[in-house]
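Here is a short report for a reader meeting this structure for the first time. Take a look at the model, then read on.

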Amino acid sequence: AQIEAHAALILRLVDQKSDITLREIRAGLAKAGVSAGIGTLWRFFDWRRVTHKKRPPMRRSRTARTS
């Protein structure tokens with residue numbers, strides 16, 4: 001697949017930011033002149049059995065008014 005030619009760049013983007021999203025990876029590739037869809041990137045990671053769990057969201061601050 002054509003995306004394989006850019007594997008080093010994709011993996012470097014992931015190494016630079018551990019909680020990077022597929023959209024952010026796509027934007028990083030676009031800066032390098034590479035066009036890739038979200039599905040293509042998903043399959044790229046699936047083929048490598050690379051999984052990533054996003055960090056859980058932070059608890060809301062109790063200092064702000066809620067009503």
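## The exposed side of α2

On one side of helix α2, R23, A30 and K31 are exposed. Keep that side in view. The model is a predicted one.

The buried residues of α2, which spans residues 22-31, are I25, G28 and L29. Their arc around the axis is only 100 degrees, so they sit on the same side of α2. These buried residues pack against α1 and α3. Just after α2, G33 has a positive phi of about 80 degrees.

## The chain as a whole

Now step back. The chain has three helices and zero strands. Read from the N terminus, its elements run α-α-α. The chain holds 67 residues, and 22% of them count as buried. Take the contacts with a separation of 6 or more: 49% of them join residues 24 or more positions apart.

## How α3 sits

Just after α3, R49 takes a positive phi, of about 55 degrees.

## Two helix pairs

At what angle do α2 and α3 pack? The angle is about 105 degrees, and the axes are 10 Å apart. That makes α2 roughly perpendicular to α3. On the α2 side, the residues that meet α3 are L22, R23, I25, R26 and L29. On the α3 side they are I38, L41, W42 and F45. By class, this contact of α2 with α3 has seven nonpolar, no polar and two charged residues.

The other pair is α1 with α3. Helix α1 covers residues 7-16, and helix α3 covers residues 38-47. Their axes come within 12 Å and cross at roughly 85 degrees. The two helices are therefore roughly perpendicular to each other. A7, I10, L11 and V14 of α1 make the contact, together with L41, F44 and F45 of α3. The residues of this contact of α1 with α3 divide into seven nonpolar, no polar and no charged.

## The nonpolar core

Nonpolar side chains tend to be buried together in soluble globular proteins. Which residues touch the most other members of the largest nonpolar core here? They are I3, I10, I25, L29, L41 and F44, out of 13 residues in that core. The elements that give two or more residues to this core are α1, α2 and α3. The largest share, four residues, comes from α1.

Look next at single residues. L41 lies in helix α3. Is L41 buried or exposed? At 0% relative accessibility, L41 counts as buried. Leaving aside neighbours within four places in sequence, L41 is in contact with I3, I10, L22, I25, R26, L29 and A36.

I25 is one of the buried residues of α2. With neighbours within four places in sequence left aside, I25 is in contact with I10, L13, V14, I20, L41 and F45.

L9 lies in helix α1. Its relative accessible area is 18%, and L9 is buried. Not counting residues up to four places away in sequence, L9 touches L29 and A32.

| Pair | Separation in sequence | C-alpha to C-alpha |
|---|---|---|
| L41 and I10 | 31 residues | 8.9 Å |
| L9 and A32 | 23 residues | 9.0 Å |

L41 and I10 also belong to the contact of α1 with α3. Both L41 and I10 are among the residues that touch the most other members of the largest nonpolar core.

Methods
Residues numbered from 1 in each chain as written. Predicted model: local features only at pLDDT ≥ 70, side-chain atom pairs only at ≥ 80, totals over all residues. Heavy atoms only, no water. Axes fitted to C-alpha atoms, helices over the stretch in contact; angles between N-to-C directions. Parallel < 35°, antiparallel > 145°, perpendicular 65-115°, else oblique. Contact = heavy atoms within 4.5 Å. Nonpolar A, V, L, I, M, F, W, Y, C, P; charged D, E, K, R; others polar. Buried < 20%, exposed > 50% of the residue type's maximum accessible area, 1.4 Å probe, protein only. Arc of directions from axis to C-beta. Core = buried A, V, L, I, M, F, W, Y, C linked by side-chain atoms within 4.5 Å.
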